Amino acid sequence: MADHHTHVQDFFTARAADWDTRFPDDAPAYAAAVEALGLRPGDAVLDAGCGTGRALPALRNAVGPQGTVVGADLTPAMLQAAVRAGRDRSGRLLLADVARLPLRNASLDAVFGAGLISHLSQPGPDLAELARVVRPGGQLALFHPIGRAALAARHGRRITDDDLRAEPNLRPLLARSGWRLDAYTDEDARFLALAVRAD
């Protein structure tokens with residue numbers, strides 16, 4: 001576990017400074033994914049593995065000034081990049097592991113996770129931890145601004161059957177972790193899985 005965390009931190013620390021400039025056109029995709037969550041004014045939402053906070057402005061817009069927006073990330077350099085970009089004005093930044101969140105049970109209405117699932121050390125328990133902090137009926141969005149095939153091609157790979165984000169793998173994984181997969185989109189321009197916290 002510690003080795004995995006060190007690997008994740010090293011990976012993102014090395015990329016934090018120019019992360020946003022590498023993906024400058026993603027804002028509309030983030031905004032559309034946040035919209036799909038169906039947040040209401042006053043809701044409380046977590047951006048799990050928030051990175052440089054690219055989802056935070058859209059999340060703030062969705063929940064309004066009375067809502068609560070928290071961005072949690074394991075990598076200090078990514079949170080520092082979020083502050084430099086001014087995104088800390090949209091939500092509270094938290095240096096935290098999504099596997100052990102310092103949040104109360106059922107304290108949130110929703111969780112947004114962009115590019116999150118492939119970086120979880122223990123996907124089942126980690127998704128269960130996200131379920132713990134969300135009220136029954138609350139929402140989870142697992143998002144990536146490009147689909148699985150496009151992402152694999154970007155990295156010079158092909159999609160394999162054991163990809164956690166494939167619907168036949170993701171649906172039972174979520175179900176074992178306290179979530180019910182409600183909607184699944186995997187196209188070149190977007191990956192978005194929407195789940196509801198089971199009662």
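A106 comes out as partly exposed, at 39% relative accessibility (buried is under 20% relative accessible area, exposed over 50%, and partly exposed in between, with a 1.4 Å probe and protein chains only). Look for A106 in the loop between β3 (92-95) and β4. Phi of A106 is near 55 degrees, a positive value in a residue other than glycine. Most residues other than glycine have a negative phi.

## What the model is

This is a predicted model, where local features need pLDDT of at least 70, side-chain atom pairs count only at pLDDT 80 or more, and totals for chains, interfaces and linings use all residues. Residues are numbered from 1 along each chain as its sequence is written, and side-chain values use heavy atoms, with hydrogens and water left out.

## Aromatic pairs

Rings of Phe, Tyr and Trp (its six-membered ring) pair if their centres lie within 6.5 Å; planes under 30 degrees apart are stacked, over 60 edge-to-face, and the rest tilted. That rule gives 4 aromatic pairs. One of them joins Y30 and F112: a tilted pair, 6.3 Å centre to centre with 45 degrees between the planes. Y30 sits in helix α3 (residues 27-36) and F112 in strand β4 (residues 108-114), so this pair links distant parts of the chain, 82 residues apart (helices, H or I, of at least four residues, and strands, E, of at least two, are DSSP runs numbered from the N terminus). Y30 is buried at 7%, and F112 is buried at 0%.

Y184 and F191 make an edge-to-face pair, 5.5 Å centre to centre and 90 degrees between the planes. Here Y184 is partly exposed at 23%, while F191 is buried at 3%.

## A cluster

Y30 and F112 turn up again with F143, in one aromatic cluster.
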